[in-house]
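Please look over the structure shown below before reading on. The briefing that follows takes its features topic by topic.

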Amino acid sequence: MMLEQLNDTYQRSLDQLQNARTSETLETWYRQTLGRKGDVTQLTRQVGYLGPEDRPAFGKRVNEVKKELEAAYQQQLVKVRTAELEAKMAADGLDVTLPGRRYSRGRLHPATQTLREIYRIWGDMGFQIYRSRDVETDEFNFELLNIPEHHPARDLWDTFHTTEPGIILRTHTSPGQIHAMREYCPEPIRVILPGMCYRYEQITARSEIQFNQVEGLAVGKSISMADLKGTLADFAKRMFGEERKIRFRASYFPFTEPSAEMDVECMLCNGDGCQVCQYTGWLEILGCGMVHPTVLRNGGYDPAVYSGFAFGLGPERIAMLKYGIEDIRLFWGNDLRFLEQF
Amino acid sequence: MRVPLSWLKDYVDITTSIEELAEKLTIAGLEVTEIDYVGIPGGRDLERLVWDRDKLVVGQILEVKPHPDADRLVLAVVDYGGDEEEIVVTGAPNLFPYLGQGDLSRLELYSPFALEGATLYDGHQEGQVKMKLKGRQLRGIYNRCMLCSEKELGISDEHEGIMILQGKYQSGTPVQDVLGDAVLEIDIIPNIARCASIVGVAREVAALTGQKLREPNYEVLQEGPPVNKLVRITTDEPELNPRFVALVIEGVEQKPSPEWMQRRLRLAGQRPINVVVDISNYVMLEMGQPNHTFDYDFLRRRADQYDPGGPIHIHTRLPEKGERLTTLDGITHELPPFTILVTDPVNPLSLGGIMGGVDSEINDRTTNVLLEAAAWNFINIRRSMVALKINSEAGFRFSRGVHPSQALLGAKRAAELMRLYAGGTVAQGIVDYYPNKPWQSPIVLTTAEVKRIGGIDLSQVEIKRLLESLEFKVDDRGDHLVVVSPDHRMDIEQSQDLVEEVCRMYGYDRIPETEMSDTLPPQRSNIGLDREENIKDLLVQLGMQEIITYRLTTPEKEARLLPVIKSQPDDRPYITLANPITVERVTMRHSLLASLLDIVAVNRRFQERMTFFEIGQIYLAGEEGLLPDELQRLALVMTGPHIDPACDGDREQEGLNFFDLKGVIEDLFSAIHISGLAAEAASHPTFRPGRTARLLVNDRQIGWLGELHPLVVEVFGIHGDWPVIAAELDLEVILPLIPDEFQVRAVSAYPAVLEDIALIVDRGIPAAEVLNIIDKAGGYLLQKAELFDVYEGNPIPRGKKSLAYHLTFQSPDKTLTDRVVRKNRERIVKQLERQLGATLRDA
């Protein structure tokens with residue numbers, strides 16, 4: 001009788017279990033079937049009403065039923081949970097093609113990035129960085145560099161004068177040559193001299209009143225024009241690529257003798273000729289030369305014993321060539337739409 | 001300097017292609033920036049007209065006959081080398097004089113002649129428009145050929161008549177072979193003024209290609225009266241005017257110069273005027289000596305005032321006070337005291353070496369010419385040109401140095417050309433006043449010096465040969481060379497100058513490339529720069545964008561930072577430009593912030609969120625010396641939403657505020673290991689009251705931080721409702737505080753105990769003061785005290801606020817007991833109660 005009842009309960013519970021489709025109904029089913037007050041648990045407790053002869057069989061069956069229902073429950077539970085999870089995930093999918101949220105990344109100004117590259121290359125080549133002032137005396141900017149007052153060579157630099165006579169904004173980083181020589185004499189020197197320079201010029205797409213320059217200076221007892229060529233060729237390879245052609249041609253600077261201009265094969269047309277290189281295939285990258293004996297002397301070095309070379313290059317111009325920037329005003333204009341591309 | 005190849009060939013044989021020649025010159029320092037091809041193939045401009053060799057030929061005009069039906073047209077009979085003569089209908093005014101004169105063959109009248117199918121520029125259209133010549137009826141006569149104007153060939157804009165070629169030609173010769181040319185545009189650098197002439201360039205070409213220079217003929221046939229009866233020369237200033245050569249040419253005829261001379265002048269970029277002026281210009285372009293022509297009769301009339309019957313007296317001197325001169329361009333100049341004048345005893349005549357005066361200028365009625373060829377001090381010429389704001393071809397050359405030796409050659413050359421082409425008679429003798437003859441001092445040069453500076457191994461013989469190619473006189477003395485510069489050079493002062501010439505002639509491209517073998521100097525790092533660059537990197541890591549602004553600004557722009565008191569950011573004077581190029585950039589900045597805020601205002605049009613910094617100098621006029629202090633500053637600005645809005649949710653956007661920028665600065669200082677950064681409430685006219693902090697490190701002020709005063713935001717035109725937070729820090733103080741090294745604390749292996757306390761204190765008590773007391777009272781076991789909540793309002797009494805802290809206690813060497821922690825906590829609370837009257841909120 002009781003056994004029958006047990007089997008009925010078992011069968012009914014099993015049917016109910018199969019129909020349970022949510023975690024909630026499963027939970028209710030478990031409470032009502034196998035919980036403390038559940039149907040099966042209640043029946044179990046009635047074992048005491050049975051005669052001793054029926055007890056073993058009933059007990060055995062009870063255990064079987066419990067075990068089976070428990071197993072069926074676990075099975076159903078996994079099924080329902082999986083289904084539920086899948087339904088939930090199906091409902092809250094993302095449009096993965098929406099744009100990501102950009103955290104605002106900081107960036108160095110492109111002029112700084114180019115300067116850093118120049119610092120690194122010259123650093124690798126044994127040149128240290130020496131800085132000097134922006135507001136200079138006429139003496140350091142011109143006279144000590146073999147450019148006397150009224151000398152026609154002054155036409156090469158359009159100068160900002162200050163209201164203080166003899167005080168100007170440096171037109172190039174070359175005055176740093178004298179500062180460095182006077183500080184280090186009679187040691188050998190290998191330095192680069194970066195800094196902001198100023199020229200009295202209309203601000204246009206191609207010319208600025210303020211620009212960075214990096215001067216280089218090497219002084220020693222056995223430095224020649226061949227060393228200058230070798231060293232600058234090395235720099236050009238590191239800066240512009242191993243296979244990029246370069247050429248040196250004679251030029252004029254009052255503070256170097258012999259003087260030269262270094263051209264690099266145009267990186268936009270690979271030397272075929274284009275608008276940027278004015279169809280020459282070459283880009284003017286830097287001016288250079290052997291330090292003029294007068295300048296060495298003004299720095300404290302005896303030109304009969306010492307020699308050296310100097311060069312000057314423009315980081316903004318290099319950046320313009322490298323990145324295809326057509327307007328130099330973008331640098332100090334600081335439009336974020338420009339800066340963010342670096 | 002424009003150098004027509006056809007002209008250059010007068011003085012040197014060209015043995016290479018035009019392009020190779022240009023390359024050689026460029027490497028040697030005469031940079032060819034452009035090659036203009038005329039009528040011949042070459043160059044990159046594919047649109048340019050190249051003359052057909054078989055359809056554009058030289059034709060001889062044999063007869064000019066009237067057109068039967070038109071008065072304004074004539075018929076020209078032309079022999080162009082074909083089987084039959086061709087009859088051409090033309091309206092060229094310069095053929096009308098020959099009308100009806102019968103056979104013209106004895107006149108040898110040649111012109112460029114285009115046959116049907118030739119491509120030309122259309123003479124009747126503005127600019128250069130190509131057209132193909134087609135046969136057509138012209139007033140009843142079929143016309144299939146054409147005599148060409150200069151415009152139709154693309155030589156000039158001249159379309160008044162047909163181009164008449166002077167000289168002897170073979171009919172049928174391609175025009176290319178007669179008029180085809182290439183013009184080299186050469187950039188003349190300041191030390192090669194000697195090459196600002198065709199002969200000067202030819203001399204370099206000869207040296208570079210191993211050819212011989214053919215100098216022009218400097219001889220002159222003199223058949224007039226003795227010149228010293230006509231003119232005498234004196235000077236006050238032999239230093240400024242070392243030489244003055246004068247010649248007189250009588251009976252010149254005012255007419256156009258020969259066709260070939262006009263063509264050369266045009267190709268060289270000069271407009272032909274008349275034969276006297278053209279010869280003057282031609283000689284300057286040809287051999288580099290500028291010269292000047294005066295109307296002799298004008299001077300003669302004046303001489304009769306001061307020395308009747310005597311020679312005219314030309315005197316060079318400095319101006320008298322208040323003296324003025326009107327130059328031939330019509331401008332009257334106040335004369336600076338150092339500008340040398342050519343005068344007669346009555347008046348100044350010209351600015352020596354720069355420009356002639358209007359009074360004594362050659363005019364239509366001039367028949368007798370006084371020709372001046374002089375030498376001037378180049379520095380004084382440049383100084384005068386700058387002061388007078390004059391540019392002239394003569395001044396360009398003299399300001400870069402023309403050797404006095406050239407004056408005599410130039411004078412003779414010009415006089416001879418005037419005799420030949422202007423029909424003049426040259427007076428006999430030359431007035432050559434040469435008070436200050438320069439001395440070319442011999443310079444010693446050795447192979448060792450060429451090796452030491454130039455880096456090339458050359459024998460003495462080779463060096464000698466290279467220098468001699470440029471006309472240096474070289475004496476081989478066995479172990480060294482003694483070198484004397486040629487007369488035309490003024491730029492050789494020492495052996496290093498000679499090394500440059502050797503290198504140029506050897507070829508810069510052939511100098512070897514070597515690595516420096518010299519001692520490597522002691523390696524020093526630049527600590528200041530390293531620290532600055534490190535700060536830039538750290539700020540970039542913290543999400544800040546680097547900005548670089550102009551260092552030139554105006555006091556007005558910077559005064560906007562102080563809108564209420566309207567003064568400048570620093571009391572010390574500005575460095576001010578004497579010659580600003582724009583009113584926007586007049587003084588060197590006192591502050592980075594003003595420029596940075598302008599950049600914010602500009603970018604606000606496209607961008608809500610900005611976090612900027614700049615590192616750079618400010619400039620304060622020196623207190624004692626003349627040079628200013630250049631001081632490194634760091635400025636930071638933040639404004640806009642916390643993060644850029646994304647599209648995936650409507651999260652409420654909170655604006656960046658005071659504490660965001662303060663957090664960046666705190667992070668920066670912890671990264672550079674400077675401890676003791678503190679902020680104290682302060683007031684500053686740039687910043688909003690109550691949201692302004694003075695930043696200190698160990699009681700030393702390092703800068704300001706705050707939310708910008710709303711008036712500042714307004715005056716800078718920064719749109720939007722977001723607050724703008726800014727700071728300017730003094731790197732001169734901060735950089736030296738950065739320690740070279742720092743120590744790391746051990747990380748304790750024992751558990752930490754966390755305790756929270758919430759206090760109620762007076763509203764006005766700064767959080768920093770509370771934290772300071774907690775830190776002191778907490779002792780060494782208090783690892784960290786962290787403020788996590790600030791609250792005002794119910795149930796906190798008015799005038800009070802609640803501050804809540806996480807306290808972390810930890811011992812380096814044992815596990816803390818509850819008792820020890822409790823004791824420490826009680827000590828902290830007690831100190832807070834005693835010093836601030838704080839009460840525990842949960843007590």
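Across which strands of chain B does helix 2 of chain B lie? Helix 2 (residues 18-27) of chain B lies across strand 2 and strand 12 of chain B, and runs at about 160 degrees to strand 2 of chain B. This is a predicted model, in which local features need pLDDT of at least 70 and side-chain atom pairs count only at pLDDT 80 or more, while totals for chains, interfaces and linings use all residues. Residues are numbered from 1 along each chain as its sequence is written, and chains are lettered from A and ligands numbered from 1 in the order in which they are written.

**Terms**

- Helices (H or I, at least four residues) and strands (E, at least two) are DSSP runs, numbered from the N terminus.
- Axes are lines fitted to C-alpha atoms, for helices over the stretch in contact, and angles run from 0 to 180 degrees between N-to-C directions.

**A sheet in chain B**

- An open sheet of three strands in chain B has the order 1-12-2 with antiparallel pairing, where two strands pair if DSSP finds at least two bridges between them.
- Its edge strands, each pairing on one side only, are strand 1 (2-4) and strand 2 (31-38) of chain B, and neighbouring strands of this sheet are turned by 25 degrees against each other on average, direction ignored.
- Strand 1 of chain B is joined by three bridges to strand 12 (residues 181-187) of chain B, the two running antiparallel, and B:Val3 stands opposite B:Leu184 in strand 12 of chain B.

**The nonpolar cores**

- A nonpolar core is a set of buried Ala, Val, Leu, Ile, Met, Phe, Trp, Tyr and Cys residues joined through C-beta atoms within 7 Å; a residue is buried if 20 or more other C-beta atoms lie within 10 Å of its own, exposed if 12 or fewer, and partly exposed in between, with C-beta atoms placed from the backbone.
- The largest nonpolar core has 278 residues, of which B:Leu636 and B:Val637 touch the most other members, and helix 7 (residues 275-287) of chain B gives the largest share of this core, eight residues.
- Apart from this core lies another, of 15 residues, among them B:Ala777, B:Tyr805, B:Leu807 and B:Phe809.

**Where the chains meet**

- In chain B, 85 residues are in contact with 77 residues of chain A, two residues being in contact if their C-beta atoms, placed from the backbone, lie within 7 Å.
- Helix 14 of chain B supplies the largest share of the side of chain B that touches chain A, six residues.
- The residues on that side of chain B divide into 39 nonpolar, 24 polar and 22 charged, where Ala, Val, Leu, Ile, Met, Phe, Trp, Tyr, Cys and Pro count as nonpolar, Asp, Glu, Lys and Arg as charged, and the others, Gly among them, as polar.

**Within chain A**

- Helix 5 (residues 110-124) and helix 10 (residues 315-323) of chain A pack at an angle of about 100 degrees with their axes 9 Å apart, and are therefore roughly perpendicular to each other, a term for angles of 65 to 115 degrees.
- A:Tyr10, whose place is in helix 1 (residues 2-19) of chain A, is buried, with 21 other C-beta atoms within 10 Å, and touches A:Val65 and A:Leu69, not counting residues up to four places away in sequence.
- Strand 6 (residues 246-253) of chain A is mostly covered, as six of its eight residues are buried, and this strand pairs with strand 7 (residues 256-265) of chain A in the antiparallel sense over seven bridges.
- Strand 6 and strand 7 of chain A form a hairpin with two residues between them, and A:Ser251 stands opposite A:Ser259 in strand 7 of chain A.

Technical notes:
Parallel < 35°, antiparallel > 145°, perpendicular 65-115°, else oblique.
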